[in-house]
Amino acid sequence: MLDLKGYGPALMEGAVVTIELAFLSLALAVALGLIGASAKLSNSRAAKGAATTYTTLIRGVPDLVMMLLFYYGGQVVVNMLSDYLWDAYEIDFFFQFDPFISGVITIGLIFGAYMTETFRGAFLAVESGQIEAARAYGFTRWHTFRRIMIPQMLRHALPGIGNNWQVLLKTTALVSIIGLTDMVRVAEEAAKAERMPFHFFIPVAFVYLTLTAGSELFIKWLNKRANVGVVQES
Amino acid sequence: MPDFIAQWLNQNDIFTAMTIMEYWDGLVTTVHLVFLSLVIGLVVAVPLAIMRTVRNPLVSGPVWLYTYLFRGTPLLIQLYIIYYGLAQIEGIQETFWWEIFREPFYPALLAFTLNTAAYTTEIIRGAIVSTPHGEIEAAKAYGMNWFLRMRRIVLPSAARRAVQAYSNEVIFMLHASAIASVVTIVDLTGAARNIYSRFYAPFDAFLFVALLYMLLTFALVFAFRKLENHLLKHQRPLSS
């Protein structure tokens, strides 16, 4: 059996942190993606411009640089805000900008931009007749969005969401660099202390491989379900 | 130079000639690392992609396993395994390889190359597999053998279909190269981290480097768009 030199429990906890991080970032990314896609498809020029700036900026900057910026910069901003609130209103407000929060914000923002493109394409794939019919039935804009657009675009968005999720999962490894004790961090410390790099990194690599392979199967299954009743052109 | 920039530079403690030189060296390292890994990766990926399309599972299987492993795990883990792992190989410190792999640059180059080669292999494989049947049949009818067909018909045609996906891979690699700073390489990100820790000025250090990466990215996007237009000229609708 694999002997992890007593680092087994720590690695397990690290794996849980990685998974939590991935799911929270995914939730943020999906929310941002929906907002971004709606903004891009809206008639307001300001909203369109803002969404386009967002996706363009995100695609130009490496994930690690953005993470370092949010982690180190975020704390400076919080400190400044805290000073200001105390001086102006005597409100005692402070929080520590920890690696986990920075990781979720950064990964959520990055993949929010990719999700924006995915959802935009998916919304465009919904037939315009569906929207016209909804409006003819007297649905409000919000109702049309929630009851007609979202359920119908999901089918088109699923493959894109799946790809983004796979990349997101691997990006979570970066958060170990700013000090989050996820499984990569634990493995790194263990590998250095025991001078056995293969011994600790290869199991971690396999955890990632299992996660990506498992997600692949799950997404395939979801895809199949979402496309029930749709004629497939092979 | 406009006055306000000159004034700003004069009052500035951070962006002095010395730090600008540090950023410049970092830029050179980043470009060097990314360019080399992409070129070597592409050269390795073409034969691998061809092997991957071969019917014999003994040929295509190992390549599939390689791409699956390298695409299914984070690049950071691959970098750690190679960087920390190479030094642990029994007896490597006595061979001449140690002279090469003692520097962090070469382990990082190896990790990046293996990673990008795996992704590129799959991109090229996809392009090869989607070659229209007619093109291959026509080549066969002309009596071309397998090698000639590959060289003159399949690969050029696949290259056109692969350019767009490959341009994404190039940008992905440029961004992924930022993790080289983790193994003590002073690339662009490494320079920014050094300058951050010296002045405790996160915005100056990281926003500036983000801007540099952005410029590099947009230059690449522009170059690839030109290349794509050039390669797909024959498919452009005639303007009336």
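Reader: Is helix 4 of chain B largely enclosed by the rest of the structure, or is it open?

Author: A residue is buried if 20 or more other C-beta atoms, placed from the backbone, lie within 10 Å of its own, exposed if 12 or fewer, and partly exposed in between. In helix 4 of chain B, 10 of the 12 residues are buried, so this helix is largely enclosed by the rest of the structure. The buried residues are Leu75(B), Leu76(B), Ile77(B), Gln78(B), Leu79(B), Tyr80(B), Ile81(B), Ile82(B), Tyr83(B) and Tyr84(B). This is a predicted model, in which local features need pLDDT of at least 70 and side-chain atom pairs count only at pLDDT 80 or more, while totals for chains, interfaces and linings use all residues. Residues are numbered from 1 along each chain as its sequence is written, and chains are lettered from A and ligands numbered from 1 in the order in which they are written.

Reader: What covers the buried residues of helix 4 of chain B?

Author: Helices (H or I, at least four residues) and strands (E, at least two) are DSSP runs, numbered from the N terminus. Two residues are in contact if their C-beta atoms, placed from the backbone, lie within 7 Å. The cover of helix 4 of chain B comes from both chains: it includes helix 7 and helix 8 of chain A, as well as helix 3 (57–72), helix 6 (105–129) and helix 8 of chain B.

Reader: At what angle do helix 2 and helix 9 of chain B pack?

Author: Axes are lines fitted to C-alpha atoms, for helices over the stretch in contact, and angles run from 0 to 180 degrees between N-to-C directions. Helix 2 (residues 17–53) and helix 9 of chain B pack at about 155°, and their axes are 7 Å apart. Angles under 35 degrees count as roughly parallel, over 145 as roughly antiparallel, 65 to 115 as roughly perpendicular and the rest as oblique. Helix 2 and helix 9 of chain B are therefore roughly antiparallel to each other. From helix 2 of chain B the contact takes Thr19(B), Glu22(B), Tyr23(B), Asp25(B), Gly26(B), Leu27(B) and Thr30(B), and from helix 9 of chain B it takes Leu188(B), Gly190(B), Ala191(B), Asn194(B) and Ile195(B). By class, the contact of helix 2 with helix 9 of chain B has five nonpolar, five polar and two charged residues.

Reader: What is the phi of Thr184(B), and where does this residue lie?

Author: Thr184(B) has a positive phi of about 65° although it is not a glycine. Thr184(B) sits in the loop between helix 8 (146–176) and helix 9 (188–199) of chain B. With 12 other C-beta atoms within 10 Å, Thr184(B) is exposed. Tyr200(B), another residue other than glycine, has a positive phi near 50°. Its place is the loop between helix 9 and helix 10 (202–231) of chain B, and Tyr200(B) is exposed, with 10 other C-beta atoms within 10 Å.

Reader: Does Ser176(A) count as buried or exposed?

Author: Ser176(A) has 27 C-beta neighbours inside 10 Å, so it counts as buried. Ser176(A) is in the loop between helix 6 (141–171) and helix 7 of chain A. Leaving aside neighbours within four places in sequence, Ser176(A) is in contact with Asp182(A), Val184(A), Arg185(A) and Glu188(A).

Reader: How many helices and strands are there in chain A?

Author: Chain A has eight helices and zero strands. Of its 234 residues, 37% count as buried. The C-alpha trace of chain A spans about 70 × 60 × 30 Å along its principal axes.

Note on methods. Ala, Val, Leu, Ile, Met, Phe, Trp, Tyr, Cys and Pro count as nonpolar, Asp, Glu, Lys and Arg as charged, and the others, Gly among them, as polar.
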